[in-house]
Amino acid sequence: MTDIKLQSIAKNFGGAPVLSDIDLDFAAGSFTALLGPSGCGKTTLLRLIAGFETPSAGEILFGTRTVATPEHQDAPEDRGVGIVFQSYALWPHMDVAQNIAYPLRARRIESSLIAPRVAAALRTVDLAGFESRRVDELSGGQRQRVALARCLVAETQAILFDEPLANLDVHLRASMIEAFRAIHQRTGATIIYVTHDQAEALALADRIAVLDGGRLQQLGTPQQIYGSPANAMVAGFVGRGSIVSATVDGQGASVAGHHFAARGTAQTGPAKLLLRPESLHLADAGIAATVDGLSYKGPVYELHLTITGSRERLVLDSPEPVAVGAKVHVAVTDAWIVPG
Ligand SMILES: Nc1ncnc2c1ncn2[C@@H]1O[C@H](COP(=O)(O)OP(=O)(O)O)[C@@H](O)[C@H]1O
Ligand SMILES: [Mg+2]
């Protein structure tokens, strides 16, 4: 297990900043998701950790060892990290066992030791007995499991995932999420998992680091990121919800003349509030609003509303359909005062 530390990391490409002032500490054995929109710098951050890019400023440490500064770089093969990409990067002309054995052969491990390790890695990813299958006979999910087994067989202390489920369909993604969690528990490896999918990040990780525009926006547990986002970017990017204008006082917040309890900073005056759908319901008293539209979401109807007297929107889940144009009141059971 390796503790990975990024200290004041910056990366520029041709003078343009792609990452700025990143301080992140990945404790040994932790499972962290790096979450952010496309182009925010997630892959660049992984490539810096793996050793495929050089930082423009700052320092990367594995335990107490400095592996990268702008002046000095440890080679990728000396860092002992495994990477699983979105594309499987398997060798099409090799069978499953040969693909998985590749990192061991590259390290000149004795042949008699290789087969048992390949078989063990295949058991870990639920592909026992697949040794002699051809890669092109496998489904997308099975190929991703082989790529994962190839990474596991090397027994690296840290595993970096770059959107490994992006090419898989929804059902496979759910089963792979289970597999990743199980593998983390079994191996105790330090895992850094890049995704632009907030649901995946919430489901998988112990901690989520949210990136936007090359800057760290928030580091927290899934519950902190969802329930107490550090700014409007995180509030808007993670989960469903509405951000509305409010007036905050010592007892809570008011929206369109309706007062209710709110969590967050003690500041008073105008503020932005995050209202999640599960904290809103139709009631006799509450924020006056008009129903603009609805869509059926399995057990519930997602209602879209406009607050009376403003152009701000709310979204809530109703067990019953409500006619478009209906005048309703929305009671609030939880609200978060968005900092900043
Ligand atoms: N080798 C490179 N040369 C120039 N620009 C790059 C290079 N790699 C990435 N970028 C730019 O850096 C930004 C972040 O890219 P990337 O780390 O791939 O984001 P993400 O993985 O979050 O989608 C993008 O604007 C991308 O175009
Ligand atoms: Mg990327």
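Predicted model: local features only at pLDDT ≥ 70, side-chain atom pairs only at ≥ 80, totals over all residues.

Guide: Let us begin with a definition: a residue counts as buried when its relative accessible area is under 20%, and as exposed when that area is over 50%.

Visitor: Why is His258 called buried?

Guide: The relative accessibility of His258 is 18%, and because the cut-off is under 20%, His258 counts as buried. His258 belongs to strand β13, residues 258-260, and, leaving aside residues up to four places away in sequence, His258 touches Ala253, Ala285, Gly286, Ile287 and Val330.

Visitor: What makes Asn99 count as buried?

Guide: Asn99 has a relative accessible area of 0%, and this is under 20%, so Asn99 is buried. Asn99 is placed in helix α2, residues 96-106, and its contacts, not counting residues up to four places away in sequence, are Leu90, Trp91, Met94, Val135, Val146 and Arg150.

Visitor: What makes the pair of Phe180 and Tyr193 edge-to-face?

Guide: Phe180 and Tyr193 lie 5.7 Å apart from centre to centre, with 65 degrees between the planes; because planes over 60 degrees apart count as edge-to-face, the pair takes that name. Here Phe180 is in helix α5 (residues 170-187) and Tyr193 in strand β8, 13 residues apart, and ring pairs link Phe31, Phe161, Phe180 and Tyr193 into a cluster.

Visitor: How do you know that the charged end of Arg276 sits over the ring of Tyr226?

Guide: The charged end of Arg276 is 3.9 Å from the centre of the Tyr226 ring, and the distance part of the definition asks for CZ of Arg within 6 Å of the ring centre, with a further condition that it lie within 35 degrees of the ring normal. The charged end of Arg276 is listed as sitting over that ring, and the charged end of Arg133 likewise sits over the ring of Phe130, 4.5 Å from its centre.

Visitor: How does the span of α5 compare with the span expected at 1.5 Å a residue?

Guide: Helix α5 has 18 residues and reaches 26 Å from its first C-alpha to its last, close to the 26 Å expected. Its buried residues are Arg173, Met176, Ile177, Ala179, Phe180, Ile183 and His184, and the elements that cover them include β3, α3 (111-124), α4 (140-153), β7 (158-162), β8 and α6 (198-204). After α5 comes Gly188, whose phi is positive, near 65 degrees.

Visitor: Why are β2 and β5 said to stand at the edges of their sheet?

Guide: The open sheet of four strands has the order β2-β1-β4-β5, with antiparallel pairing. Strands β2 (16-26) and β5 (65-68) each have a single partner strand, so one side of each is left without a neighbour in the sheet. Direction ignored, neighbouring strands of this sheet are turned by 30 degrees against each other on average.

Visitor: What makes β1 and β2 count as paired?

Guide: Seven bridges join strand β1 (residues 4-13) to β2 in the antiparallel sense, and because a pair needs at least two bridges, the two strands count as paired. In this pairing Asn12 stands opposite Pro17 in β2.

Visitor: Which strands form the open sheet of five?

Guide: That sheet has the order β16-β20-β17-β18-β19, with antiparallel pairing, and its edge strands are β16 (280-283) and β19 (313-318), each pairing on one side only. Strand β17 (residues 287-297) and strand β20 (residues 327-332) pair over four bridges, and Ala288 stands opposite His329 in β20.

Methods. Residues numbered from 1 in each chain as written. Chains lettered and ligands numbered in written order. Heavy atoms only, no water. Phe/Tyr/Trp six-rings, centres within 6.5 Å; stacked < 30°, edge-to-face > 60°. Buried < 20%, exposed > 50% of the residue type's maximum accessible area, 1.4 Å probe, protein only. Contact = heavy atoms within 4.5 Å. Expected span 1.5 Å × (residues − 1). Axes fitted to C-alpha atoms, helices over the stretch in contact; angles between N-to-C directions.
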